[in-house]
Structure formats: structure tokens, C-alpha cells
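The following exercises concern the reading of a protein model.

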Amino acid sequence: MINPLNLTGRVILVTGASSGIGLATSVLLSQLGAKVVLMARNKDRLLAALPQLEGSNHRVEPFDLAAPDGLPGVFKALSAETGAISGVVHCAGAQLIRPLRVLTSQDIDALLKVNVNAALMLARGFRQKGVHAPAGSIVFISSVMGLVGAPGRSAYCAAKSALNSMSKSLALELAPEGIRVNCVAPGFVKTPMLVEAETAVGSDQFRRIKDMHPLGFGEPRDVANLVAFLLADASRWITGTTMAVDGGYTAH
């Protein structure tokens, strides 16, 4: 039987891999045969996540994406040990719900460092000669907030919108090198970030947000399924896109 999502033997780096969408993605990729490199700040949480993956030859790579300039060096060292890297999934991200009247430039800088600056440096590290496989794929986890607006989320919307437009530019620049670049824009997914959102907006507003999802809130695995597709050969003719996986949120 042909498996269009077969990733056997491919090395794929996943950021934010210790929880939420990043962990669900790492587990699914391991089930599809990939060798997964789990990246996040906290080594202990990464080591706790590692046994949830299927197969062997997976590894953890602790790294603080708030200081992303070291990423090219990490990719060089990593590929020397694992062989060519086939894909990168940037799941790590920061969210912020803050009205404009109290928003500060420091808030904006913190969001951009993890959501945008780190994404660019991941792409820079991956595209280095000798690092990536002949057919590579980069997937950025964006958000429906990069496609639509919401009160109190101007900085977060700006950061995720930047990812969407940035992926188009990178897709054109990196196509000659055999690297595809795409974004996945989830709706509200049942992760710790959703709990934070409920606390920030209150129960009434949270109920309205849930009602905006005709299929209800998503699970991390729902997002991971689309990520796996964009990493696999089944999506070999897809680049520069932002795909929503949102239970119908953006259909309104």
C-alpha cells in the first residue's frame, strides 16, 4: 500500500516540541517514519516528551529562540551528526492579548523575536550548503489571527501576518535550492495557550470565540496532520501558501 505521507528516514527539526502542537507534530512525524529533532528552551521538558515518539534515533536540541542568531551554527553542527535535514517545522511561538492603550514596544519586540526573527533564522540555518536535503520543506505555524483581526491582538496579528507574507518571499528565494516554504494557520486549538486565552478574555468572550468555530475547537493532531502533508512528497508542488486549519473560523 502506498502511503503519500511516508517520511521514513527523513530528519525533521520541530521547534516548540515539548508541548501542544509541536509535541503532537513530533509524535505524528515519528509515526510516519521520520527522525525528529525536538527543539525548545527547557531540556527537561524535551526529555520528558522524547519517550512519546515512536521509533528510535530521535534527539533533543535545547535552544532559546528568543536569541536566534546562533541557529545557523546549530544547523551546521546538527547536520554533521544526523546527515542532511529534510524539513523544519516552526511551532514555537508567543501570543499576547493586550489592548492598544497598554501595549508597549517591548511587548512587540518579544513577539517578533520568537514568531518572526526566529523563523527567518531557522530558514537561514536550514538553507546552508550541506545542511538541507535536495528536496526540503519549511512549515511555519501561523494563526487565523494572521488572516483576520480581533480586539486586543494587534501585535499578535501583526506577527502572524508577517509570517504569512514572509513565507511567500522565502518560497520564491529558496525554490531554486529545492526548498518549499508554507504556513499553516490554525484556529483555536486545545493547548495551554487556549487556557491562557480564556483567562485573558473572560468566559463570555471565550464562548463567542468557540461559537465562531462551526466544527468546535481543534486538537493539536488536527494541525499536525496538515504539517505532515506539507513535509511529504504529496505536497511537492505546493509552496508560498498559507493554509487554514480552523474548524471553519475564517469561513465567517
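**Exercise 1.** Determine which helix gives the most to the lining of the second largest pocket, and describe that pocket.

*Solution.* Step 1. Helix α7 (residues 203-211) gives the most to this lining, with 3 residues. Helices (H or I, at least four residues) and strands (E, at least two) are DSSP runs, numbered from the N terminus. The model is a predicted one, in which local features need pLDDT of at least 70 and side-chain atom pairs count only at pLDDT 80 or more, while totals for chains, interfaces and linings use all residues. Residues are numbered from 1 along each chain as its sequence is written, and side-chain values use heavy atoms, with hydrogens and water left out.

Step 1. The second largest pocket has a volume of about 210 Å³. On a 1 Å grid over the protein atoms alone, a pocket is an open set of points where a 1.4 Å probe fits, with protein on both sides within 12 Å along at least five of seven lines; lining residues have an atom within 4 Å of a point. A volume is the space filled by probe spheres set on the points, which are joined across faces, edges and corners.

Step 2. Of the 13 residues in the lining of the second largest pocket, A150, P151, R153, Q205 and I209 lie nearest its centre. The lining divides into 9 nonpolar, 2 polar and 2 charged residues. Here Ala, Val, Leu, Ile, Met, Phe, Trp, Tyr, Cys and Pro count as nonpolar, Asp, Glu, Lys and Arg as charged, and the others, Gly among them, as polar.

**Exercise 2.** Describe the largest pocket by its volume and its lining.

*Solution.* Step 1. The largest pocket holds about 1100 Å³ of space.

Step 1. Its lining has 43 residues, and C91, A92, G93, A94 and M193 lie nearest the centre. By class, this lining has 23 nonpolar, 13 polar and 7 charged residues.

Step 2. At least two lining residues come from each of α1 (20-31), α4, α5 (154-174) and α6 (192-201).

**Exercise 3.** State the order of the strands in the open sheet, and explain why one side of β3 and of β7 is left without a neighbour.

*Solution.* Step 1. The sheet has 7 strands in the order β3-β2-β1-β4-β5-β6-β7, with parallel pairing. Two strands pair if DSSP finds at least two bridges between them.

Step 1. Because β3 (59-62) and β7 (242-245) stand at the edges, each with a single partner strand, one side of each has no neighbour in the sheet.

Step 2. Strand β4 (residues 85-90) is joined to β1 (residues 11-15) by 5 bridges, and 5 bridges also join β4 to β5. In β4, G87 is the bridge partner of I12, and G87 also stands opposite S137 in β5.

**Exercise 4.** Is G240 buried or exposed?

*Solution.* Step 1. G240 is placed in the loop between α8 and β7.

Step 1. With a relative accessible area of 13%, G240 is buried.

Step 2. Apart from neighbours within four places in sequence, G240 is in contact (heavy atoms within 4.5 Å) with S167, K168, A171, V181 and N182.

How values were computed. Buried < 20%, exposed > 50% of the residue type's maximum accessible area, 1.4 Å probe, protein only.
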